Structure formats: C-alpha cells, structure tokens
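Please read these notes with the model open. They go point by point.

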Amino acid sequence: MEIDGFQQLDLEKSVPSKKTTPKRIIHFVDGDIMEEYSTEEEEEEEKEEQSTNSPLDPSKLSWGPYLRFWAGRIASTSFSTCEFLGGRFAVFFGLTQPKYQYVLNEYYRIQNKKSDNESEGNGSKTQAAEVPNEKYHLEAGDREYGTIQQDTAEAISQ
C-alpha cells in the first residue's frame with residue numbers, strides 16, 4: 001500500500017498545477033511570515049471591476065454617444081479647472097477671511113464683558129478673552145455701528 005501512496009504523490013506532483021502568487025505577504029516582528037492568497041471569488045470581482053473601469057474608446061462609438069462622451073469630458077475638465085483656479089484666486093486676493101468676522105468678534109467681546117461683570121459680582125475674577133484681529137471696538141448702540149445717522153435719514157425722506 002505504501003507503493004500506491006508514493007505513486008499517488010508522484011502523480012500529484014507531475015500534474016501541472018496553477019502556481020499562485022500571494023496577494024499579500026505579512027512580515028511579523030518575531031520573524032514569522034504569513035502569505036495571504038486571494039480566492040477565486042475575489043479574482044472574479046477584480047476582473048469585473050477592471051472590465052467596468054476600462055477606459056472608453058471613443059473611436060468605436062456612434063455619433064450620439066461620441067458627442068455625449070466629449071461633452072461630459074469637456075464639462076468635467078472645465079469644472080475642475082474653474083474649481084482649481086477659483087481657490088487660487090481666492091487665496092491670491094485674500095478672500096479667505098469671513099466677511100462679517102468683526103460682528104462676531106464684537107458679540108463675543110460683549111458676552112465676555114457680561115460674564116466678567118457677573119463674575120465680579122460673585123467675587124471671582126476671570127481674565128477677559130482676547131479677540132484677535134480687532135483694532136478697536138464699536139459699541140452696538142453707537143451711531144457709527146451700522147446705522148444711518150438721523151440727519152441723513154431725515155434728509156433722504158424729505
């Protein structure tokens with residue numbers, strides 16, 4: 001029986017087998033190596049993805065799909081170019097700052113003042129938070145702060 005076993009092993013070795021390469025080889029710190037092979041299902045999925053993601057050959061298309069293909073390509077290229085240039089121009093002209101940041105800074109400054117006044121009444125002392133990028137503060141009820149002066153408003157209405 002051992003002779004049959006040896007003959008069977010020899011037959012298995014003589015049959016040309018499909019040599020598979022590992023999909024991934026993982027090297028561990030202690031020196032061990034683990035080879036990961038892909039399954040037949042994964043290989044089929046990869047082939048399907050490659051066939052669906054293959055680039056379209058416009059020379060083999062009829063006129064309708066050919067024109068749609070080029071219209072889509074021109075539109076996507078134009079959009080990408082405009083998006084890139086828009087970002088570059090915004091940085092160049094300094095349009096990356098919020099438009100009404102001074103109003104937000106004023107609001108936070110007033111809130112900090114109110115909380116400071118309340119905490120002084122309670123006896124605890126806190127430091128006021130500094131608001132960056134503010135040169136001077138305007139009071140919310142001040143005439144210069146976003147309101148039309150009374151004299152000019154009356155002149156306009158008459």
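The notes below cover confidence, layout, the hairpin and the aromatic residues.

1. Basis. This is a predicted model: local features need pLDDT of at least 70, side-chain atom pairs count only at pLDDT 80 or more, and totals for chains, interfaces and linings use all residues. Residues are numbered from 1 along each chain as its sequence is written, and side-chain values use heavy atoms, with hydrogens and water left out.

2. Confidence. pLDDT is the predictor's confidence in each residue, from 0 to 100. The chain has a mean pLDDT of 75, with 62% of its residues at 70 or more. Confidence is highest in H3, at a mean of 94, and lowest in helix H1 (residues 2-14), at 54. Where pLDDT is low, the predicted coordinates should not be read in detail.

3. Layout. The chain has five helices and two strands. Both kinds of element are DSSP runs numbered from the N terminus: helices are H or I with at least four residues, strands are E with at least two. Their order from the N terminus is α-β-β-α-α-α-α.

4. Burial and surface. Of the 158 residues, 5% count as buried. Buried means under 20% relative accessible area, exposed means over 50%, and partly exposed lies in between (1.4 Å probe, protein chains only). The accessible surface of the chain is about 15000 Å², and carbon and sulfur atoms hold 56% of that. These areas come from the Shrake-Rupley method with a 1.4 Å probe; for residues, only the protein chains shown count as cover.

5. Contacts across the sequence. Contact means heavy atoms within 4.5 Å. Of the contacts between residues at least 6 apart in sequence, 30% join residues at least 24 apart.

6. Strands S1 (residues 24-27) and S2 (residues 33-36) run antiparallel and are joined by four bridges. Two strands pair if DSSP finds at least two bridges between them. Ile26 has Met34 in S2 as its bridge partner. Five residues lie between the strands, and Gly31 in this hairpin has a positive phi near 100 degrees.

7. Glu35. This residue sits in strand S2. Glu35 is partly exposed, at 43% relative accessibility. Beyond its neighbours within four places in sequence, Glu35 contacts Pro22, Arg24 and Ile25. Arg24 is 11 residues from Glu35 in sequence, yet their C-alpha atoms are 6.0 Å apart.

8. Aromatic pairs. How many aromatic pairs does the structure hold? There are seven. Tyr66 and Trp70 form an edge-to-face pair, because their ring centres are 6.5 Å apart and their planes meet at 70 degrees. Rings of Phe, Tyr and Trp (its six-membered ring) pair if their centres lie within 6.5 Å; planes under 30 degrees apart are stacked, over 60 edge-to-face, and the rest tilted.

9. Tyr66 and Trp70 are four residues apart in H3 (residues 63-93), so about one helical turn separates them. Phe69 and Trp70 are also an edge-to-face pair, at 5.3 Å between centres and 80 degrees between planes. Phe69 is buried, at 16% relative accessible area. Tyr66 is partly exposed at 30%, and Trp70 is partly exposed at 33%.

10. Cluster and charge. Trp63, Tyr66, Phe69 and Trp70 are linked by ring pairs into a cluster. Arg73 lies over the face of Trp70, 5.3 Å from the ring centre. A charge sits over a ring if NZ of Lys or CZ of Arg is within 6 Å of the ring centre and within 35 degrees of the ring normal.
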